[in-house]
Amino acid sequence: MLPTMEKVDRSKKDKPDNSKRTDLPNAHELFLTAIVADEDFETTLRILQGYCAMSPINVLTRKLTWEGPRTRTPAGIDAKFIKNQPPVKISQWSGLSAQLARQSYIMHLLYEVDRQSFGKVEGDHTPVFQGSQTLSLLDQRPGILRWNDLPDPTEITKSSNTRLADPGASRPVNTRLMFSIENHGLCSLMKMMNHRFVREMIQESNRYVHGDVVFELTRYLQFPVGENENPSIIRNELPNFESLTPFDSENKWILTAFTIVTKGDDPDQMKKGMDQLVAIKDDFEGCFDFKVLDRHIFDTRVKF
């Protein structure tokens, strides 16, 4: 048994750390998080409306969760698929493929919907079963594939790959490498990569923009009891919106302030993004308790 474990450990060490490759896209999301009680929801909307000088944009999103294959040698994305993409997207798909070849992850597909989509059949009522060749109706419309890496450690050490601060300092915000790619046929792509459909929830967000910073006040809604009995089915229709129930028993909302830094390996851009979020935190001191959360809360790596 020991030689086998040594072989596994050695193979993991020999894998290249694609997060440090300068030829790949390196966009980072910087964010802070606060929890808002349901009774404070309306007040929070008014405060953000005044701060951002805009009315909230209400966004409803179907959020489909997919789990990567339980293997230590994932294959990434098929090279033929990447080659057939528009030139402007090839670097994004290549960068994502490099990450997926290093480690299996949990990823999400996001599809915006409106209130009129609930309680209405979208075309043919044909459920999509995991492993079948039947295509989801969602494949016919554009969606967003969202991949997030494990956030960077908040404590900066001598071995940290950063020039942002001296060892021993703390990052004032959460930071993580991310990919967000819009495309058709994403459900079929996930199956082609041997990813398993796990569940679907409705994400309800109220969005504000303030300069480079986006605020999202979000809660998650689950389908009625009995609707989730077979998680391998991707729905081609949605129940009435009123039948959805909050995933959180206390109906708490998550307030996120975030900004996207397109060149996460540029210390000046990263510092600018961090400074913007720190200023936001200071502006709302005593109003919202924005925090840097334990990075493992956001861990998307597949464990087996």
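Predicted model: local features only at pLDDT ≥ 70, side-chain atom pairs only at ≥ 80, totals over all residues.
Local features here need pLDDT of at least 70 and side-chain atom pairs count only at pLDDT 80 or more, while totals for chains, interfaces and linings use all residues. Residues are numbered from 1 along each chain as its sequence is written, and side-chain values use heavy atoms, with hydrogens and water left out.

Me: Why is T44 called buried?
Reply: Buried means under 20% relative accessible area, exposed over 50%, partly exposed in between (1.4 Å probe, protein chains only). T44 has 2% relative accessibility, so it counts as buried.

Me: What makes the buried residues of α2 line one face?
Reply: Those residues are F41, T44, L45, L48 and C52. Looking down the axis of α2, they fall within an arc of 100°, so they line one face of the helix; the arc is that of the directions from the helix axis to the C-beta atoms. R46 and G50, on the other side of α2, are exposed.

Me: Why is the pair F41 and W253 called stacked?
Reply: Rings of Phe, Tyr and Trp (its six-membered ring) pair if their centres lie within 6.5 Å; planes under 30 degrees apart count as stacked, over 60 as edge-to-face and the rest as tilted. For F41 and W253 the centres are 4.2 Å apart and the planes at 25°, so stacked it is.

Me: And what makes F118 and F241 edge-to-face?
Reply: Their ring centres are 5.3 Å apart and their planes at 75°, so the pair is edge-to-face.

Note on methods. Helix = DSSP H or I, 4+ residues; strand = E, 2+ residues; numbered from the N terminus.
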